[in-house]
Amino acid sequence: MTNTPSENNGSFMQRSVSLVTNLFAPRKDIIVQTRASEIYGVVARMEPDIALQHMNSRNEGLSEEEASERLEKFGKNQVVSEEHKSVIKQLLQLIINPLNIMLIALAILNFFFLDDMESGTVVLTMVVLSVSLSFFQERRSNNAAEKLRDMVSTTASVMRRIQSEGGQLEDSESTNTRKSMRLELPVDELVPGDVLWLSAGDMIPADVRILSARDLFINQSALTGESMPVEKFPALTDTTAKNFLDYSNIAFMGSHVVSGTAKAVIITTGTSTYFGALARTIVGRRAQTSFEKGINRFTWLMIKFMLVMVPLVFLVNGFTKHNWMEAFIFAMSVAVGLTPEMLPMIVTVNLSKGALAMSRKKVIVKRLNSIQNFGAMDVLCTDKTGTLTQDKVIMKRHIDLRGEDCDSVLHYAYLNSFYQSGLKNLLDVAVLDHVDIRQDLHIDDQAYGKIDEIPFDFVRRRMSVVVSKAETQQHILICKGAVEEIISICTKGEINGEPFDMTLTHRDEMLKLARDLNEDGFRVIAVAHKDMPAAQSVYGVKDESDLTLIGYIAFLDPPKDSAAAAIAALGRHGVAVKILTGDGDIVTRRVCKDVGLKIEALLLGSAIENMTDDELAKQVNGTTVFAKLSPAQKARVIAALHTNGHVVGFLGDGINDGPALKAADVGISVDTGADIAKESADIILLEKSLMVLEEGVLEGRKVFGNITKYIKMGASSNFGNMFSVLGASAWLPFLPMLPIQILTNNLLYDFSQTAIPTDHVDDEYLTAPRKWDISYIAKFMVCLGPISSIFDYATFAIMYYGFGANTVANAHLFQTAWFIESILTQTLIIHIIRTNKIPFIQSRASWPLIITTLSICAIGIWLPYSLFSRSLGFVQLPWVFWPIVGAIIICYLMLAHIVKNKFIRRFGWN
């Protein structure tokens, strides 16, 4: 038995879609372009009518029943988008981290096992406040970012064979009472085999095979990084093309029509498209950033510290006091004191403050922790098109055959672009938009009249218009197009109005001039003219001969006005800029020159393809420009920079930038970028100026600086306190401080730090990237921590021997005195740790921090004389104690400042 054509065709279509779907399934190398070339190549090499047959379709389109069946079979034409998290899921993700889990466990222990409601409430309050702040800030940022996202396209013009009336009648042919109608349908209802009509401004809603076209130019910059539109044809013009994106008769979802019209049949939809494959690499779980790794490492450092110290405190007090329950409660109180429960709040408030500051600069922060990564970033990788450049073609030069500016060339180019009919491509628009061109050249619309035109085609690669001068009725044929094609039909040249015969030497010189412009990054169009007889009214290709070459017009995608200043500013702040682009190296070199970026080395995607990860890691540090990259290669370059210890940011706006944005520590996009780029970005710039990048870097470093103030202070204080607690526990016949006093001390100390996010950060601290370094924090803790223990032991000795607080009867006096000394030293030390300068003289804290720390000190001094003193186990201290504790605090702060400066000289300031 033989299959019917319809069965064969349907089988082929199903296999084709299945092959593409399998090809673009998630995998480590993201896209295997050679296999894609084979699959799309099959359809590309077919004649249009054969391609329709093999997609089991027809010129009149699919019937409603066929479309419905395929929609059921292949699914909606939707690409993968970022998962929308429910409120519960978002809250759970914020709650589930090692620090919060530990705090919640301690709260449960206090509530249900120790019957200590006060300490449980304090700990749980810290968790609730921290999670709430994180939740509301991140949700607000995400909601704002969602308003920027648009679908690739809303509707598409589709041919459907229907029985009912409605829609625009496309042709009168009917089969079985069915009429072929042109309908506007939502893009998610499109299926493989649907026949589309495309026109200027349309987004390409799926991967399609062009069936017919008229002057069709497609902008694929979001996919390829190439700013110039490419022309598409019904036929495959280059059968040797290796990259399927270069196929001249295939158009891809995510690109859009610049000019012209076309009829096309859909090959693949949704996640089976090239666009859909890129989308899958973007959504899902992100790699941990340097900020998240740093916070987790510090958290585990403190947990390990607790796992050692708390059992020791428990055992020492149990064996020395012989009251194991009291020792256990005391150890649990010490555990709460050691826990940096304010860390989530300090981190969240700092990040929220940074996000708020950035929002005032028209920057949306989608993910809070990206603010700190901004400051830690030491390498910014950026795409070229639309980020450093305007993604807008402008005419930059109009020169004669000597390479000098020439108004005559501009005049003829203007007439050609002005009088051609139909939709004008980007180059024509650039000519017509040239600044004050009509005023500069004194062009009078009445001075010329159009006679005829010879349209552009791909074979000739040129187009001509014929105009007549109103005064003389002289006909002039003006031709512009590709340099080689124009020169091939020119027999003369012209300089300053003087014609000369074109020799082979002249031709070589003219070609070299164009080549030099190309190497400077220009796209070059040649302009020629020819006087024609006034009696002639109809013109054709045969008239494009014996022309006179007068010069060239040169176009480029110019850099943004702020690009050069932004790159220079980033350089001054220790951030190296690297270009990662899908565009060619010649154009990229030109852009680098224009923005002042010195190229140390350049690496092409073809070379990267043959490198191992280790080989690439050795190359990336010294390379400034990476050109002709695929999306996967951009992500590989960022991974190689990570391997070398860099914190990497990526600035991109195209579909092909998605994987790189996802792989970077901080992904940055712009509001005009592709939807997929905005989906995967951490930060979205709403303004065109790139100078906001510098402001973001500085804001990130301020955030990091204030977070590390709390971390360094908390780590060193806890380390010192443990020496004091262990020594006092072994020495004294009573507890050195009651559990409720430890919790009160901890609560007051925590509140004293709530103003840290408002603090100033020294200018010197902002000059270089700041990264998480747990070994640095550990060294700081070991060096500064024992300093507080020295003065704790001095206080112990004074109270034990000087005030007789050495028996159980006088325990409250000892405990009150250490509480006062401890809260004052712990609270005031922030003014030493917050700066590498002399505190209060060379660098002063913010007023909120000064007021908060002084207020907490005052409350600590007041408590022994308050109504709460009895319930907290405090007694009033003799007046002679106060000048002694004042001297202890002054000596402690001075010694801490000296040790800090020695530490900075040896290990630096981070």
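1. Helix α12 (residues 343–359) packs against helix α26 (residues 692–731) at about 160°, with the two axes 10 Å apart. Axes here are lines fitted to C-alpha atoms, for helices over the stretch in contact, and angles run from 0 to 180 degrees between N-to-C directions. That angle makes α12 roughly antiparallel to α26 (the label applies over 145 degrees; under 35 is roughly parallel, 65 to 115 roughly perpendicular, the rest oblique). Helices are DSSP runs of H or I, at least four residues, numbered from the N terminus.

2. Before going on: this is a predicted model, where local features need pLDDT of at least 70 and side-chain atom pairs count only at pLDDT 80 or more, while totals for chains, interfaces and linings use all residues. Residues are numbered from 1 along each chain as its sequence is written, and side-chain values use heavy atoms, with hydrogens and water left out.

3. Back to α12 and α26: they cross with right-handed geometry (the near helix is turned clockwise from the far one by less than a right angle). On the α12 side, the contact residues include Leu343, Ile346 and Leu351, and their partners in α26 include Val703, Ile707 and Tyr710 (contact means heavy atoms within 4.5 Å). By class, this contact has 11 nonpolar, 4 polar and 2 charged residues. Ala, Val, Leu, Ile, Met, Phe, Trp, Tyr, Cys and Pro count as nonpolar, Asp, Glu, Lys and Arg as charged, and the others, Gly among them, as polar.

4. Next, α28 (residues 774–802) and α29 (residues 811–828): they pack at about 150°, axes 10 Å apart. That makes α28 roughly antiparallel to α29, and the crossing is right-handed. Phe791, Asp792, Thr795, Phe796 and Met799 from α28 meet Leu813, Phe814, Ala817, Trp818 and Glu821 from α29. The tally for this contact is 7 nonpolar, 1 polar and 2 charged residues.

5. For α27 (residues 739–752) and α31 (residues 847–862), the axes come within 8 Å and cross at roughly 160°. These two are therefore roughly antiparallel as well, with a right-handed crossing. Leu748, Phe751 and Ser752 supply the α27 side, facing residues of α31 that include Leu849, Ile856 and Ile859. Here there are 5 nonpolar, 4 polar and no charged residues.
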